Amino acid sequence: PIYMTENGSCEEEPDLESALADHKRQQYFEGYIRACAEAIQDFGVDLRGYFAWSLMDNFEWQFGFSKRFGLHRVEFNNGNLTRTPKLSAKWFKKTIEENGNTIFKSQKIV
């Protein structure tokens, strides 16, 4: 069995507006999940898990807080560390709810 872990895309998101419109990250996840589905369906790959990196923005050893990986924006400059779902989070949620039908309209991802 294969488990794909820590798969994600870092982006420069200097403000909330740019973070909430993270189309590149959403497209990145869609491309990888589509490739996973094709590997399962077309080649019988025993892929049992896919783990997006990361649920929330965090400190990255290489980039510090300058680049963001999260599906949720974290405001590091306020004491509450406000978290806001990005476009990619909403897409990911819908994809899970619809068992992948947001990617393959005519097929379900197993």
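Colleague: Which side chain does a polar contact join to that of Asn7?

Modeller: This is a predicted model. Asn7 is found in strand β1, residues 2-7. Among the residues Asn7 touches are Tyr28, Phe29 and Tyr32. The polar contact spans 3.3 Å, and the partner side chain is that of Tyr28.

Colleague: Is Asn7 buried or exposed?

Modeller: The cut-off for buried is under 20% relative accessible area. Asn7 has a relative accessible area of 9%, so Asn7 is buried.

Colleague: Which element gives the largest share of the largest nonpolar core?

Modeller: That core holds 11 residues, including Phe29, Leu71 and Trp91. The elements that give two or more residues to this core are α2 (23-43), β2 (47-52) and α3 (87-97). Four residues, the largest share, come from α2.

Colleague: Why do the buried residues of α3 line one face of the helix?

Modeller: The buried residues are Ser88, Ala89, Trp91, Phe92 and Thr95. Seen down the axis of α3, they line one face because they fall within an arc of 165°.

Colleague: Which exposed residues does the face of α3 turned away from its buried side carry?

Modeller: The buried residues of α3 pack against α2, β2, β3 (72-74) and β4 (83-85). The face turned away from that buried side carries the exposed residues Lys90, Lys93 and Glu97.

Conventions: Residues are numbered from 1 along each chain as its sequence is written. This is a predicted model: local features need pLDDT of at least 70, side-chain atom pairs count only at pLDDT 80 or more; totals for chains, interfaces and linings use all residues. Side-chain values use heavy atoms; hydrogens and water are left out. A nonpolar core is a set of buried Ala, Val, Leu, Ile, Met, Phe, Trp, Tyr and Cys residues joined through side-chain atoms within 4.5 Å. Buried means under 20% relative accessible area, exposed over 50%, partly exposed in between (1.4 Å probe, protein chains only). The arc is that of the directions from the helix axis to the C-beta atoms. Contact means heavy atoms within 4.5 Å. A polar contact is a pair of N or O atoms within 3.5 Å; within protein, one must be able to donate a hydrogen and the other to accept it, and residues adjacent in sequence count only if both atoms are side-chain atoms. Lists of a residue's contacts leave out its neighbours within four places in sequence.
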